[in-house]
Amino acid sequence: MNKAMDQETALLREKLEKLLSTLKHNREKVSLDVLKTKYKKGYDTLCADIKRSASDYAKQIALCGIRIHKDYLEEAVSIVNGTIARSGILKQLSRAAFSHQDITEFESFALTLRQKILTALEPFYAKHLGLYITQECLENPDIPPMIYCRASHCIWQDGKWVPLELLDTAQAKAKSA
């Protein structure tokens, strides 16, 4: 995760944590019946804010850094949505937020969902692997082609997936130096 994503994640967490704290405080001080009647407008607004913030934060945790090339988006979205639906984790996320007001529990479920999504996407990515042959490979048989994933538009290099655009930029800089 890059620094901007880390900062965005921290801001989303902070916002949700504050909303959950407010909900917990309100429920400790006022009965649920009174919250749903006398304070209905404010309570409903708070619940809607929590729902929106929880959704944003869960998406950030579960999907951050997952790359899908636009040509493969429909297939990948189907896999991700199916995984989410089958997991049953959305109810657990909701319970962690609304029943327990527990950010740590919420994050744990979101990370579990992320792992399920990544596991479900493995065969999808594997199906779209190929070789990336550079001019250097053609000119020098000692330079092997790289493994390329069309679905993520990444190259396998030094034990990790590197976006092709970053590799191309680095090679261009090296050639011009």
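The sulfur of C137 lies 18 Å from the closest cysteine sulfur, in C154, and that is too far for a bond. This is a predicted model.

**Cysteines**

- How many disulfides does the count give? The count comes to zero disulfides.
- A disulfide needs two cysteine sulfur atoms within 2.5 Å.
- Is C137 buried or exposed? C137 is buried, with a relative accessible area of 11%.
- C149 is buried as well, with a relative accessible area of 1%.
- Both values fall under 20%, the cut-off for buried.

- Strand 3 covers residues 154-157, and strand 4 covers residues 160-163.
- The two strands run antiparallel, and four bridges join them.
- Which residue of strand 4 stands opposite C154? C154 faces P163.

**Q157 in strand 3**

- Q157 lies in strand 3.
- Q157 counts as partly exposed because its relative accessibility is 27%, between the cut-offs of 20% and 50%.
- What does Q157 touch, leaving aside its neighbours within four places in sequence? Q157 is in contact with V162 and L167.
- Q157 and L167 are 10 residues apart in sequence. In space, their C-alpha atoms are 9.3 Å apart.

**Helix 4**

- Helix 4 spans residues 73-87 and has 15 residues.
- From first C-alpha to last, helix 4 reaches 21 Å. That is close to the 21 Å expected at 1.5 Å a residue.
- Which residues of helix 4 are buried? They are A76, V80, G82, T83 and I84.
- An α-helix has 3.6 residues a turn, so residues three or four places apart point the same way.
- Where do the buried residues of helix 4 pack? They pack against helix 3 (40-63), helix 5 (89-99) and helix 6 (103-127).
- Just after helix 4 comes G88, which takes a positive phi of about 75°.

Conventions
Residues numbered from 1 in each chain as written. Predicted model: local features only at pLDDT ≥ 70, side-chain atom pairs only at ≥ 80, totals over all residues. Heavy atoms only, no water. Pairing = 2+ DSSP bridges. Expected span 1.5 Å × (residues − 1). Buried < 20%, exposed > 50% of the residue type's maximum accessible area, 1.4 Å probe, protein only. Contact = heavy atoms within 4.5 Å.
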